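Trainee: I would like a close look at one part of this model. Please take me through it step by step.

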Amino acid sequence: MLLIDCPCCGLRPETEFRCGGQAHVARPEKPVDVGDQDWSEYLFVRANPRGVHAERWIHQHGCGRWFNALRDTVSDRFVETYPMGGKPKSTTTEARA
Amino acid sequence: MLDDSLYARRVSPLDGAAKPASLPGGVTVRQLKPEARFSLRVKAGAPADAAGFALDQKINSIVVRGGRWSARLGPDEWLIGGPEADAQLIAEEVEATLRDRPHSLVSVSHRNVSLEISGANAAIALNAGCPLDLSDAAFPAGSATRTLLGKCEIVLIRAGAEPSYRVEVWRSFSTYAHGFLVEAAFGLQNAA
């Protein structure tokens with residue numbers, strides 16, 4: 001079974017986790033100043049890369065905490081996990097292992 | 001806090017179904033007596049005590065002292081238990097020490113049902129539905145964590161070194177969890 005490294009609990013089985021989509025999508029500070037095109041892109045358009053992707057995950061059946069993870073969408077390998085509000089050590093453009 | 005000692009009548013959802021019985025593989029599954037349990041949520045920060053337990057215990061660990069226990073399930077979540085007669089006392093003690101900090105203390109005594117699975121092969125039976133590594137290295141004595149058993153969420157507690165696990169499960173899932181563990185024990189017989 002795939003093990004995911006929860007920042008609170010350590011390595012835990014993947015069935016305890018849920019994915020919450022792309023990470024680091026910032027809500028515009030003043031939505032009223034944002035045009036329809038930009039707003040709809042903020043709401044609906046995501047990166048969907050073939051390779052390393054920054055995602056939000058929650059340890060639903062564990063500590064119940066959200067955290068961020070870099071995951072390779074081709075191999076399903078987790079490059080690293082890091083706390084909410086943090087920055088990853090590696091970059092998303094890092095060469096795939 | 002609401003005084004529930006005056007009207008609470010404990011009716012187990014497992015009455016009749018959960019007679020203690022020795023199962024194949026030397027595994028025993030039984031229901032534990034009703035206990036008082038509280039879910040405590042408070043932001044981790046300055047060291048403090050709650051019902052006699054220091055809040056800074058390790059995440060996913062359990063401390064047992066004098067009939068009471070405290071399991072830290074996350075950075076800001078504790079499950080505190082004790083004898084049913086102590087319910088009011090535990091609540092008052094927590095309120096007394098955390099008076100100045102925003103916190104929430106919810107009695108979940110009636111929501112939870114405690115099962116115990118013990119015997120040398122207990123971990124193997126649990127692993128039929130629980131994906132955790134239950135080896136001594138990964139889940140030593142003093143561990144407690146929320147996890148899954150089959151399709152339901154449980155809190156799995158291993159207080160001592162002996163192969164005896166406590167399964168805290170919501171009462172509406174308890175017949176499922178109990179049946180699952182008994183079935184898993186029968187699976188041990190076929191595997192042997």
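Which residues have the most contacts inside the largest nonpolar core, and how many residues does that core have?

Mentor: Keep in mind that this is a predicted model. The largest nonpolar core has 57 residues. Those with the most contacts inside it are A71(B), I117(B), V167(B) and L181(B). Helix α3 of chain B, residues 174-191, gives the most to this core, with 5 residues. Now place the core in the chain. Domain 1 (20-34 + 111-192) and domain 2 (36-108) of chain B both give residues to it, so the core lies between them. As background, nonpolar side chains tend to be buried together in soluble globular proteins.

Next, zoom in on L181(B). Leaving out residues up to four places away in sequence, L181(B) touches V29(B), L115(B), I117(B) and A125(B). One of these, I117(B), is also on the list of residues with the most contacts inside the core.

Now step back to the two domains. The C-alpha centres of domain 1 and domain 2 of chain B lie 24 Å apart. Their contact takes 11 residues from domain 1 of chain B and 11 residues from domain 2 of chain B. Look at the domain 1 side that touches domain 2. Two elements give two or more residues there: β11 (143-149) and β12 (152-158) of chain B. The most come from β11(B), with 4 residues. By class, this side of domain 1 of chain B has 5 nonpolar, 4 polar and 2 charged residues.

Conventions. Residues are numbered from 1 along each chain as its sequence is written. Chains are lettered from A and ligands numbered from 1 in the order in which they are written. This is a predicted model: local features need pLDDT of at least 70, side-chain atom pairs count only at pLDDT 80 or more; totals for chains, interfaces and linings use all residues. A nonpolar core is a set of buried Ala, Val, Leu, Ile, Met, Phe, Trp, Tyr and Cys residues joined through C-beta atoms within 7 Å. A residue is buried if 20 or more other C-beta atoms lie within 10 Å of its own, exposed if 12 or fewer, and partly exposed in between; C-beta atoms are placed from the backbone. Domain bounds come from an automatic or database domain assignment. Two residues are in contact if their C-beta atoms, placed from the backbone, lie within 7 Å. Ala, Val, Leu, Ile, Met, Phe, Trp, Tyr, Cys and Pro count as nonpolar, Asp, Glu, Lys and Arg as charged, and the others, Gly among them, as polar.
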